[in-house]
Amino acid sequence: MNLNDVLKIYKNPGADEQEMLCRRGIANVDAVRATVEDIVERVRCEGDDALRNYAQRFDGATLTDLKVSQEEIDAAENAVDSSLKEALKTAYNNIYAFHAAQRMHPVQVETMPGVVCSQRAVPISRVGLYIPGGNAPLFSTVLMLAIPAKIAGCRSIVMCTPCDHSGHVNPAILYAARLAGVTDIYKVGGAQAVAAMGFGTQSVPQCYKIFGPGNRFVVFAKMLVAQMGIAIDMPAGPSEVLIVADESANPTFVAADFLSQAEHGPDSQSILVTTSEELARAVANECGRLLETLPSRDMILKSLAHSHLITFDSDEAMMNFANLYAPEHLIINHSRAEQLAEAVVNAGSVFLGPYACESAGDYASGTNHTLPTAACATAFSGVNLDSFVKKITFQTISADGIATLGPTIETMANGESLSAHALAATVRIDYVNKSRKQ
């Protein structure tokens with residue numbers, strides 16, 4: 001298949017054209033708003049009854065118990081192929097090693113004599129993980145979310161994932177959950193799962209922060225509960241990759257990366273920026289050749305319809321565009337990959353060199369694959385150990401400390417016309433001064 005007509009090459013786009021190329025496909029929010037608002041409200045009011053009704057309606061499952069039993073988890077472990085178990089264990093070890101290294105050490109500073117300020121990380125006591133389980137059961141996401149939650153010290157790790165029509169959860173998802181330390185698993189999918197974890201039901205405990213990817217109904221539900229005071233990991237949208245490459249790049253490698261990203265869904269986007277027009281054309285040809293070997297060909301074609309090939313005259317121009325686009329995944333397949341990486345300021349996760357495929361980060365290199373999309377990488381980080389903790393500050397002030405710091409507090413409080421704030425310092429200063437005179 002020749003994809004040169006589908007994948008148009010943009011040559012040295014100007015500012016306006018670059019802005020157009022950075023636009024993502026925005027889902028029609030109005031089309032899902034009413035449905036999601038109704039689901040969230042029903043779950044909030046009706047609890048488990050609503051969850052069972054939605055399981056029947058969307059999954060075709062008649063459920064008595066929403067919670068996955070230990071017997072079901074045991075059976076799932078026996079059902080998972082040994083080679084997949086070994087792969088999951090390797091991924092577990094790598095993800096654990098990288099996230100364990102992110103542990104924060106307590107900070108303590110004496111800012112002035114008698115005034116000691118400190119900070120320590122405290123785990124969020126209960127977190128909720130949403131794991132899609134439809135056509136592509138994301139057992140890898142179980143590891144990505146549960147492992148850092150466990151390392152952080154979250155006491156309760158709640159997971160919701162849809163079941164099939166017979167009421168069974170994908171065995172690999174259950175095996176990964178046991179491996180990673182999930183404490184409670186529920187057969188709840190979609191927007192209703194987000195609502196259940198956000199507000200709590202008779203079976204599903206309320207969670208203080210909700211993590212995980214999902215379709216547009218799940219994403220909108222997360223945004224909706226966030227407006228109601230429930231913390232979420234980050235805004236989310238269709239997955240995306242931007243590949244920076246020069247003439248040294250292997251076009252087959254680049255094309256494979258292009259297609260692997262497009263495979264996430266019809267709204268996904270793949271972009272190549274290169275200084276070599278010859279490479280751009282070769283990548284289009286390779287995409288066409290490789291596409292014929294893939295069962296997801298028709299869906300990938302939908303994604304490629306809004307993917308782009310872009311050429312620039314310089315490495316600097318390429319990196320400027322990459323930072324403007326702020327990709328979820330940034331691959332730098334370039335002879336000067338390490339040097340170009342120093343210019344990265346907006347990206348979810350970066351893959352350096354010809355052999356660092358994006359799917360390595362998706363599964364097993366050790367970094368997290370739950371990343372900001374839709375240019376949110378300009379301000380948001382991907383999921384990491386910090387996502388599962390709160391940073392609490394402490395201050396200890398001695399008598400000498402308040403005597404020294406107190407006048408500053410009084411002056412600033414009075415300057416803001418907050419006399420009671422000033423008074424809180426004044427009464428202590430007076431007490432210390434009086435005690436010293438005795």
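Me: Where is the place of Ala 374 in the chain?
Reply: This is a predicted model, so local features need pLDDT of at least 70, side-chain atom pairs count only at pLDDT 80 or more, and totals for chains, interfaces and linings use all residues. Residues are numbered from 1 along each chain as its sequence is written, and side-chain values use heavy atoms, with hydrogens and water left out. Helices (H or I, at least four residues) and strands (E, at least two) are DSSP runs, numbered from the N terminus. Ala 374 sits in the loop between helix H15 (358-363) and strand S14 (389-397).

Me: What is the phi of Ala 374, and is the residue buried, partly exposed or exposed?
Reply: Ala 374 is not a glycine, yet its phi is positive, at about 55°. Buried means under 20% relative accessible area, exposed over 50%, partly exposed in between (1.4 Å probe, protein chains only). With 37% relative accessibility, Ala 374 counts as partly exposed.

Me: Which loop holds Asn 12, and what is its phi?
Reply: Asn 12 lies between strand S1 (9-11) and helix H1 (15-21). Its relative accessible area is 37%, so Asn 12 is partly exposed. Asn 12 is not a glycine, but its phi is positive, at about 45°.

Me: How many helices and strands are in the chain?
Reply: The C-alpha atoms fill a box of roughly 95 × 60 × 45 Å along the principal axes. Of the 438 residues, 46% count as buried. The chain has 17 helices and 14 strands.

Me: How are H6 and H7 set to each other?
Reply: Axes are lines fitted to C-alpha atoms, for helices over the stretch in contact, and angles run from 0 to 180 degrees between N-to-C directions. The axes of H6 (residues 139-152) and H7 (residues 171-180) come within 9 Å and cross at roughly 15°. Angles under 35 degrees count as roughly parallel, over 145 as roughly antiparallel, 65 to 115 as roughly perpendicular and the rest as oblique. H6 and H7 are therefore roughly parallel.

Me: How are H5 and H6 set to each other?
Reply: The axes of H5 (residues 82-100) and H6 come within 10 Å. They cross at roughly 40°. H5 and H6 are therefore oblique.

Me: Which residues of H10 and H12 make their contact?
Reply: The axes of H10 (residues 251-262) and H12 (residues 297-304) come within 9 Å and cross at roughly 100°. The two helices are therefore roughly perpendicular. The contact is made by Phe 258, Leu 259 and Ala 262 of H10 and Met 299, Ile 300, Ser 303 and Leu 304 of H12.

Terms used:
Contact means heavy atoms within 4.5 Å.
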